[in-house]
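Biologist: Could you walk me through a structure, one feature at a time? I'd like to learn how to read each one.

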Amino acid sequence: MTDIGMKPHALSIENLSLEFPTYDGAVKALDGVTIQVGNAEIVGLVGESGCGKSVTTMAATRLLPEGRYKITQGTIRLFGRDPTVMSDEDLQQVRGKLVSTIFQEPMNALNPTIRIGKQLVGVIRRHEAISRAAAETVAANILSDMLIPEPSRIMQAYPFELSGGMRQRVLIAMAFSCNPGLIIADEPTTALDVTVQAAILRLIQGRARRTGTSVVFISHNIAVVSQICDRLYIMYAGRIVESGPTRAVLDSPQHPYTRALLRCLPERVQPKAQLESIPGTVPNLLDPPAGCFYRPRCLEADERCHAKPQSTTLTGGQVVACWQRSKSQTHVSNEA
Amino acid sequence: MTMTVPGERSLTALAMLRSRLHFLWYLTRRSPLTVVGFLIILLVIIMVIGAPLIAPYDPNKVMLSSRLLPPSSIHWFGTDEVGRDLFSRVVYGSRASCGAAFMIVFISMSVGVFLGCLSGVVGGMFDSAMMRTMDVVLALPALVLAMALAAALGPSLFNSMLAVAIVRIPAYVRLSRGQTLSLRERIFVKASRTFGASNLYILRWHLLPNALSPLIVQATLDLGGIVLIAAALSFIGLGAQPPTAEWGALVSSGRSFILDQWWYGTFPGLAILVTAMGCNLLGDGIRDMLDPRLGPSE
């Protein structure tokens, strides 16, 4: 899983810690996050709101507000390059061409005053020196690849004329339009109807598989990501608590938090039964608890949990950061 | 799946035009005053462009034999103290008065929007310095400041234009800066950044089009006020100089005859009144159209 082959990883984040300085002190948004996204791999990043999923990917594409955050340790490599030292021109080249982002809210992610086609063509021509007509053909092709009927009519439309699902398809088309090597899908189905969620997931997966694009799929819904991801990373309060191949994580979740997440899925509950929830709330990252951040909510916590748990690699590629699992450890390492 | 056939496209374009016209008709039916404002402005524009065709006489031609004649079928608005036809002078005066007003709005809007967008995008010290400077300009009464500037630059139509334009800049700076700041945080601007758009592209295609509607409203509403200020400057002798026909200057020279020759000052004054009112009606109407959330005024 972590072999450093000829080609660099699409995204490689090593032991990244990041904080936001505020008047009340530093908010430690990320603490030793390690994520590897191989080429043509679809990776899920799962966790509750505010656990650092989006911050991780925004740090990787340098979309966080400049000067408002501090990387205290660790490295980021996008296709082998360090985005934190890129010039603005390089960044603009990289964004769209190498990395694209699909946002959560399709309602607001398109400019309401410009026709769909023009927006798509703008993105394409930004990165490829082709004529307007050629770009329009490319755009129409991608739109029809996204199963949008009558792409030429849609291209003449303004965003307000389209439904949420249609707009999200347009945005996915936009993200794929320059054939980037990596796509960051930041909760792309959260704002959509359940009836179109699956279709959107298939579209992203299908296109990514066909073009060999890597995808980082961010979601708070473990059921959604598990449908299309090769591997999962479970985040809690700015740390990766568990990672591994999707099947392994789902079949034998090791971290108490992962188990709790799986218990909370409504589809696993009998009709009219009480829905599960995890007691307590996410810790305040201004002043996190000592040791394991999940300790205050954890049912299995004991004395050892007051110290920071080490990552343990299990057979089958699963990595878990929990004292309760270190008994059955094969070897201890800091790397995923 | 398929590209549109050219004939099909033109057909949809026609349908689109028709639906747009229909929409316009719907809007006008809802607010007849807007239509009145629009017609007034249209009339003024026609007057400005077609002055030589409309005016029956040379506005500067002195005819001492026909001094101070009352309105008649020969001289619709009467004549002045040296026998110049007042109707022709009012028609030609629209060129000076409204031309100046358009120029002022154009100058202050382009400078103001440029500075405002820049201020919003750059931020930091530059933004603070810019906004405090604009606050200083805003703190002074517009007419007084314009008078001071025009007096300092020397009395001429161009200088008074410049003075009024400078006075009106802060309104546009503040408006466009505010728009820029709020738009900058919108998701489609951020999304555009993730697709690698440059600052210039974002400014041109994302910020400007979305900031435009309040700016258009502001400009139209401003036009009326500016016609008044420009006329006021000419009235006190800081604007257009004789013998240039300009509404404010005409009212000024008609002032001394107002008791015996009422038509001299009245008609240019009415021209100012009607134009300013037209601008305000149209501005209000456009605002109601562009931002239905605000609801009709009054």
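Biologist: How many bridges join strand S1 of chain A to S2(A), and do the two run parallel or antiparallel?

Modeller: General idea to begin with: strands of a sheet pair through backbone hydrogen bonds, either parallel or antiparallel. Two strands count as paired if DSSP finds at least two bridges between them. Here, nine bridges link S1(A), residues 11-22, to S2(A), and the two run antiparallel. Take A:Glu19: its bridge partner in S2(A) is A:Lys28.

One caution: this is a predicted model, where local features need pLDDT of at least 70 and side-chain atom pairs count only at pLDDT 80 or more, while totals for chains, interfaces and linings use all residues. Residues are numbered from 1 along each chain as its sequence is written, and chains are lettered from A and ligands numbered from 1 in the order in which they are written.

Biologist: What is the strand order of the open sheet in chain A?

Modeller: Strands are DSSP runs of E, at least two residues, and helices are runs of H or I, at least four, numbered from the N terminus. In this case the order is S2-S1-S4, three strands with antiparallel pairing. S2(A) (25-37) and S4(A) (70-78) are the edge strands, each pairing on one side only. Neighbouring strands are turned by 20 degrees against each other on average, direction ignored.

Biologist: Which helix packs on that sheet?

Modeller: Contact means C-beta atoms, placed from the backbone, within 7 Å. Angles run from 0 to 180 degrees between N-to-C directions, with axes fitted to C-alpha atoms, for helices over the stretch in contact. H1(A), residues 53-60, touches S1, S2 and S4 of chain A, and its direction makes about 110 degrees with that of S1(A).

Biologist: At what angle do H4 and H5 of chain B pack?

Modeller: H4(B) (86-122) and H5(B) (124-139) pack at about 140 degrees, with axes 7 Å apart. Among the contact residues are B:Leu115 and B:Val122 of H4(B), plus B:Phe126 and B:Met130 of H5(B).

Biologist: And where do the chains meet: how many residues does each give to the contact?

Modeller: Chain B gives 18 residues and chain A gives 27. On the chain B side, H8(B) (187-194) and H9(B) (199-235) are the elements giving two or more residues, and H8(B) gives the most, with five. That side divides into nine nonpolar, seven polar and two charged residues. Nonpolar means Ala, Val, Leu, Ile, Met, Phe, Trp, Tyr, Cys and Pro; charged means Asp, Glu, Lys and Arg; the others, Gly among them, are polar.

Definitions and conventions. Two residues are in contact if their C-beta atoms, placed from the backbone, lie within 7 Å.
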